[in-house]
Amino acid sequence: MARSSSDPIRVLFVCLGNICRSPLAEGYFQHLVNEQGLADRFEIDSAGTGPWHVGDPPDARMRSTARRRGVSLEDLRGRQLERLDLQRFDHIFVMDKSNLHDTLALDPSGDHSTRVRLFREFDPEPETYQVPDPYTGGQAGFEHVYDIVERTSRAILDRFKEIYDLDGQAA
Ligand code: 4NP
């Protein structure tokens, strides 16, 4: 079905556990569209390919890193990616190649595969094109993920402004 210009742009961020990388991307992207007066143009969510953290808040280390840098992740809860998400969302950004594989596996016919992209395709400094999983590492890993998410989200929103001709109001 074609989207109408009044429909929100539905954006989904996907990682493995939905407690570190993708909730940060959801929270940061929401923060950015709020700041730019574009919140009513977007519906933003995140999900994990794995089932382990359904219903859990984001990892405490990710929450504290985000909080210190001005973004609250307190209201987010983990959920698992489902087949319907590939129809429901216009843009699905995955954090690494394993997430890409697992997400595309939910769409064996390939009908929705063009909606699924590596998040770091839009990073001006993409390095490996993957967001490293910080879960088993130290604090530096969380700060590094925050830096990646910050600059990549800004680049994605700039791209959306061009392709959807969005005209926000800076708060
Ligand atoms: P995330 O990190 O995919 O960035 O949320 C992980 C969190 C938890 C697990 C793996 C990755 N885990 O295996 O529980």
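**Close-up views of a predicted model**

**View 1. The aromatic pair of Phe-29 and Phe-42.** Phe-29 and Phe-42 are both buried, and in this predicted model they belong to a structure that holds 11 aromatic pairs. A pair of aromatic rings is described by the distance of the centres and the angle of the planes. For Phe-29 and Phe-42 the centres lie 5.6 Å from each other and the planes stand at 80°, an arrangement that is edge-to-face. Because Phe-29 lies in helix H1 and Phe-42 in strand S2 (residues 42-48), the pair ties together parts that are 13 residues apart in sequence. Ring pairs also place these two residues in a cluster, which links Phe-13, Phe-29, Phe-42, Phe-93, Phe-119, Phe-122, Phe-160 and Tyr-164.

**View 2. The crossing of helix H1 and helix H5.** Two packed helices are described by the angle between their axes and the distance between the axes. The axes of H1 (residues 21-35) and H5 (residues 139-163) come within 9 Å and cross at roughly 50°, which makes H1 oblique to H5. The crossing in which H1 passes H5 is right-handed. On the side of H1 the contact is made by Arg-21, Leu-24, Ala-25, Tyr-28, Phe-29, Leu-32, Val-33 and Glu-35, while H5 brings Val-145, Tyr-146, Val-149, Glu-150, Ser-153, Arg-154, Ile-156, Leu-157 and Phe-160. Sorted by class, the residues of this contact between H1 and H5 are 12 nonpolar, one polar and four charged.

**View 3. The crossing of helix H2 and helix H5.** The axes of H2 and H5 come within 10 Å and cross at roughly 55°, and the two helices are therefore oblique to each other. H2 passes H5 in a crossing that is right-handed. The residues that make the contact are Arg-61, Met-62, Thr-65, Ala-66 and Arg-68 from H2, together with Gln-139, Phe-142, Glu-143 and Tyr-146 from H5. By class, this contact of H2 with H5 has four nonpolar, two polar and three charged residues.

**View 4. Ser-64 in helix H2.** Ser-64 is a residue of helix H2, which spans residues 60-68, and with a relative accessibility of 25% Ser-64 counts as partly exposed. Although Ser-64 and Phe-142 are 78 residues apart along the chain, their C-alpha atoms are separated by 9.6 Å.

View 5. Asn-18 is not a glycine, yet its phi has a positive value, near 60°. Asn-18 is found in the loop between strand S1 (9-15) and H1, where its relative accessible area of 2% means that Asn-18 is buried. Asp-165, likewise not a glycine, has a positive phi of about 55°. The place of Asp-165 is in the segment that comes after H5, and at 66% relative accessibility Asp-165 counts as exposed.

**View 6. His-112 in a loop.** His-112 sits in the loop that runs between helix H4 (97-104) and strand S4 (116-118). With a relative accessible area of 18%, His-112 is buried, since the cut-off for that word is under 20%. When residues up to four places away in sequence are not counted, His-112 touches Leu-86, Gln-87 and Asp-107.

Notes:
Residues numbered from 1 in each chain as written. Predicted model: local features only at pLDDT ≥ 70, side-chain atom pairs only at ≥ 80, totals over all residues. Heavy atoms only, no water. Helix = DSSP H or I, 4+ residues; strand = E, 2+ residues; numbered from the N terminus. Buried < 20%, exposed > 50% of the residue type's maximum accessible area, 1.4 Å probe, protein only. Contact = heavy atoms within 4.5 Å. Axes fitted to C-alpha atoms, helices over the stretch in contact; angles between N-to-C directions. Parallel < 35°, antiparallel > 145°, perpendicular 65-115°, else oblique. Left-handed = near helix turned anticlockwise from the far one by under 90°. Nonpolar A, V, L, I, M, F, W, Y, C, P; charged D, E, K, R; others polar. Phe/Tyr/Trp six-rings, centres within 6.5 Å; stacked < 30°, edge-to-face > 60°.
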